[in-house]
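Colleague: I've got a model open and I'd like to learn how to read it. Could you walk me through some features?

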Amino acid sequence: MSESLDALELRITELRAQVRRAVKARDNTLARSLRGDLRRAEQAWDRAVGTEESTGKSAEGSAGETEPPLLPVREQVHQALALLGVPSAARMIVAVNEAFFSGALRGAQLTSLRRDEERSFRGDPYARPYYLCAALTDRLSPARGLLADSTWEPERRVLGPLSPRVDFLVSAMRVADRIIRMTDPPQGARRLLRRMAQNVPGAVEGLAPADPEVTIRAARAELDVHHAGDAAQRAEVAARAGRQLSDIERLFGAAALSTLRGAS
């Protein structure tokens, strides 16, 4: 098949050159005839490529390729966020999707997702049951790279100085809890928990497998230290957002310097 494609590509190149020469010579009859030959050659090339693609896909399938995911990217991201329960970066969302769900997400697919959601909201506000929105910083601007669920209460969608650590601990506990409730947790889920537990003091030793219950106890012990302060900071940010921002800004953040002013 590659030889056929090579021959067709050479033929297409030659025909294009001949068309240019005929047009330059103002031989319209010849130019029209050559364009017809060119279109037929290009159609033959398209068919040849399609055949090669089909052959490649069949070979991949026989090698054990998984079926394509049933859920669109947006819904895959939403289910990962529902498991984590906190604003999360693309890397974490992809890791959770791979560990517990289809594993079909790629970081590049999330790059423009928030902008798409904002455009959808601007075009038809509240038409969807949820939006994948931004987490808001204490300046009420969108937190870089973090996605949240619009149905969460405002205090969960805003961030204070302690929030990144608090949210990591919460997500580790939720991953561990999900594993506990599964009859046969995937190995990928256990590996994810071990990676997260290694960043929680007292949760795991070295490269040993992480015990979900031990991870939850260790994460909760640290969370108890930070929770009250973080909750107070988030409540203050959420209150300012409620006073100062429009509906769309509450979901996707505000860039205007006026949002830095306190409420009058």
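This is a predicted model: local features need pLDDT of at least 70, side-chain atom pairs count only at pLDDT 80 or more; totals for chains, interfaces and linings use all residues.

Colleague: OK, at what angle do H3 and H7 pack, and how far apart are their axes?

Modeller: The angle is about 100°, and the axes are 8 Å apart. Angles from 65 to 115 degrees count as roughly perpendicular, so H3 is roughly perpendicular to H7.

Colleague: Which residues meet there?

Modeller: On the H3 side you'll find Ala 82, Leu 83 and Leu 84. They meet Val 170, Ser 171, Arg 174, Val 175 and Arg 178 of H7.

Colleague: Which other helices do the buried residues of H7 pack against?

Modeller: Besides H3 (73-84), they pack against H4 (90-100), H8 (187-197) and H9 (212-244). Among the buried residues of H7 are Val 166, Phe 168, Leu 169, Met 173 and Ile 179. Asp 167 is also on that list.

Colleague: What span should H7 have, going by its number of residues?

Modeller: H7 covers residues 163-180, which is 18 residues, and at 1.5 Å a residue it should span 26 Å. Its end C-alpha atoms are 25 Å apart, so the two values agree.

Colleague: Let's do rings next. How is a pair of aromatic rings described?

Modeller: You give the distance of the centres and the angle of the planes. The count for this model comes to 4 aromatic pairs. Take Phe 121 and Tyr 126: their ring centres are 4.9 Å apart and the planes are at 80°, so this pair is edge-to-face.

Colleague: Are those two residues buried or exposed?

Modeller: One of each! Phe 121 has 3% relative accessibility, so it counts as buried. Tyr 126 has 52%, so it counts as exposed; the cut-off for exposed is over 50%.

Colleague: What about Phe 121 and Tyr 131?

Modeller: Those ring centres lie 5.2 Å apart with planes at 80°, so that pair is edge-to-face too. Phe 121 sits in helix H5 (residues 113-123), while Tyr 131 is in the loop between H5 and strand S2 (132-136), 10 residues apart. Both Phe 121 and Tyr 131 are buried.

Colleague: Which residues do the ring pairs link into a cluster?

Modeller: Phe 121, Tyr 126, Tyr 131 and Phe 252. Another ring to look at is that of Tyr 130, where Arg 74 lies over the face, 4.2 Å from the ring centre.

Colleague: What should I know about phi?

Modeller: Most residues other than glycine have a negative phi. Here, Tyr 126 has a positive phi near 60°, and its place is in the loop between H5 and S2.

Colleague: Where is Arg 26, and what is its phi?

Modeller: Arg 26 is in the loop between helix H1 (2-24) and helix H2 (28-62). Its phi is positive, about 60°, although it is not a glycine. With 74% relative accessibility, Arg 26 counts as exposed.

Colleague: And which residues is Ala 90 in contact with, leaving aside its neighbours within four places in sequence?

Modeller: Leu 110 and Gly 145. Ala 90 is in helix H4, and at 26% relative accessibility it counts as partly exposed.

Colleague: Last one: how many helices and strands does the chain have?

Modeller: There are 10 helices and 3 strands. Of the chain's 264 residues, 38% count as buried.

Key:
Residues are numbered from 1 along each chain as its sequence is written. Side-chain values use heavy atoms; hydrogens and water are left out. Helices (H or I, at least four residues) and strands (E, at least two) are DSSP runs, numbered from the N terminus. The expected span of a helix is 1.5 Å times one less than its number of residues. Buried means under 20% relative accessible area, exposed over 50%, partly exposed in between (1.4 Å probe, protein chains only). Contact means heavy atoms within 4.5 Å. Rings of Phe, Tyr and Trp (its six-membered ring) pair if their centres lie within 6.5 Å; planes under 30 degrees apart count as stacked, over 60 as edge-to-face and the rest as tilted. A charge sits over a ring if NZ of Lys or CZ of Arg is within 6 Å of the ring centre and within 35 degrees of the ring normal. Axes are lines fitted to C-alpha atoms, for helices over the stretch in contact, and angles run from 0 to 180 degrees between N-to-C directions. Angles under 35 degrees count as roughly parallel, over 145 as roughly antiparallel, 65 to 115 as roughly perpendicular and the rest as oblique.
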